[in-house]
Amino acid sequence: MPVAQSILITGCSSGIGLCCAHGLRERGHRVFASARREADVAHLRDAGFEAWRLDLDDPDSIATAVDAVLAAGGGRLDALFNNGAYGQPGAVEDLSRAALRAQFETNLFGTVELTNRVLPVMRRQGHGRIIQNSSILGFMAMAYRGAYNASKFALEGITDTLRLELADTGIHVSLIEPGPITSRFRANSHAKFLQYIDAAHSPHRARYAAMEARLTRPGPAAPFTLGPEAVLAALVHALESPRPRTRYRVTVPTVAFWYLRHLLPTRALDWIAARAGGGGSR
């Protein structure tokens with residue numbers, strides 16, 4: 001059995017976060033689960049988790065949650081899994097400053113702030129694991145996903161920088177890059193689309209109709225979709241291995257596009273990406 005470690009996970013209300021919380025607890029790790037809504041925190045506690053409200057858009061919430069986790073853990077925290085995020089759909093020309101700001105507040109600014117709050121603890125311990133849940137869209141752009149692309153590209157850049165800066169500290173930094181995974185991601189994205197995108201007055205309105213059909217369609221929306229257990233397997237290795245990888249590519253599309261991105265000229269890659277994304281319909 002692995003050595004039990006304590007880990008804080010964000011975005012545990014459903015999908016990847018909830019699956020990983022259950023999976024790591026079953027392996028004997030001490031899981032501090034968090035979610036943005038109080039109702040979801042209550043459900044996590046009913047399921048037996050030590051859980052707190054943590055809203056990445058709210059600095060006070062981040063500070064309060066970290067203080068509570070450290071108090072519960074006796075001032076110790078072995079790992080952080082930055083999983084909480086959402087995807088803002090829409091063409092770049094339809095993205096307002098408010099939409100972009102909201103996307104980055106959650107997917108980048110809040111994630112970095114949370115990470116920076118736990119790093120002093122890990123430095124004092126002389127060890128730790130920072131594990132970031134990125135995406136295939138963190139290195140491969142696709143149309144109508146510009147805000148999410150930008151936030152995940154930025155997350156990958158700052159994570160690579162952090163890894164270099166922590167190279168001599170005993171703190172390991174890893175990126176998980178999932179492709180299509182079964183979760184509530186599409187439903188949450190559709191809500192953000194309705195909130196921020198004026199589809200009726202957009203030159204992209206015909207494409208938006210196909211995109212909304214994808215976001216609201218039941219069942220897997222893309223080929224090679226895997227369950228969240230695929231991310232759990234990568235997280236287990238990143239947490240437990242004495243030599244965790246810097247990147248974990250999850251699902252066939254992620255692996256395929258990683259190699260294609262390094263082998264093909266840009267225009268050829270654009271052609272493949274356009275067909276893979278289906279103009280937002282896939």
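Is Glu-156 buried or exposed, going by its relative accessible area? Glu-156 is buried, with a relative accessible area of 4%; buried means under 20%, exposed over 50% and partly exposed in between, with a 1.4 Å probe and protein chains only.

The views below come from a predicted model, in which local features need pLDDT of at least 70, side-chain atom pairs count only at pLDDT 80 or more, and totals for chains, interfaces and linings use all residues. Residues are numbered from 1 along each chain as its sequence is written, and side-chain values use heavy atoms, leaving out hydrogens and water.

**View A. Arg-247 and Glu-156 form a salt bridge.** Their closest N and O atoms are 3.0 Å apart; a salt bridge here is a side-chain nitrogen of Lys or Arg within 4 Å of a carboxyl oxygen of Asp or Glu. Arg-247 sits in strand β7 (residues 247–250) and Glu-156 in helix α5 (residues 146–165), so this pair ties together parts that are 91 residues apart in sequence. Helices (H or I, at least four residues) and strands (E, at least two) are DSSP runs, numbered from the N terminus.

**View B. Arg-163 and Asp-160 pair up within helix α5.** Here the closest N and O atoms are 2.7 Å apart. Because the two residues are three apart in the helix, about one helical turn separates them. Arg-163 is partly exposed at 24%, and Asp-160 is partly exposed at 21%. Through shared partners, salt bridges join Glu-156, Asp-160, Arg-163, Glu-177, Arg-247 and Arg-249 into one network.

**View C. Arg-53 meets Asp-58 in a salt bridge.** The N to O distance is 4.0 Å. Arg-53 is partly exposed, with 30% relative accessible area, and so is Asp-58, with 24%. Across the whole structure, a search finds eleven salt bridges.

**View D. Helix α3 (residues 59–72) packs with helix α4 (residues 97–125).** Their axes come within 10 Å and cross at roughly 30°; axes are lines fitted to C-alpha atoms, for helices over the stretch in contact, and angles run from 0 to 180 degrees between N-to-C directions. That makes α3 roughly parallel to α4, as angles under 35 degrees count as roughly parallel, over 145 as roughly antiparallel, 65 to 115 as roughly perpendicular and the rest as oblique.

**View E. Helix α1 (residues 15–26) packs with helix α8 (residues 229–240).** The angle is about 50°, with the axes 9 Å apart. That makes α1 oblique to α8.
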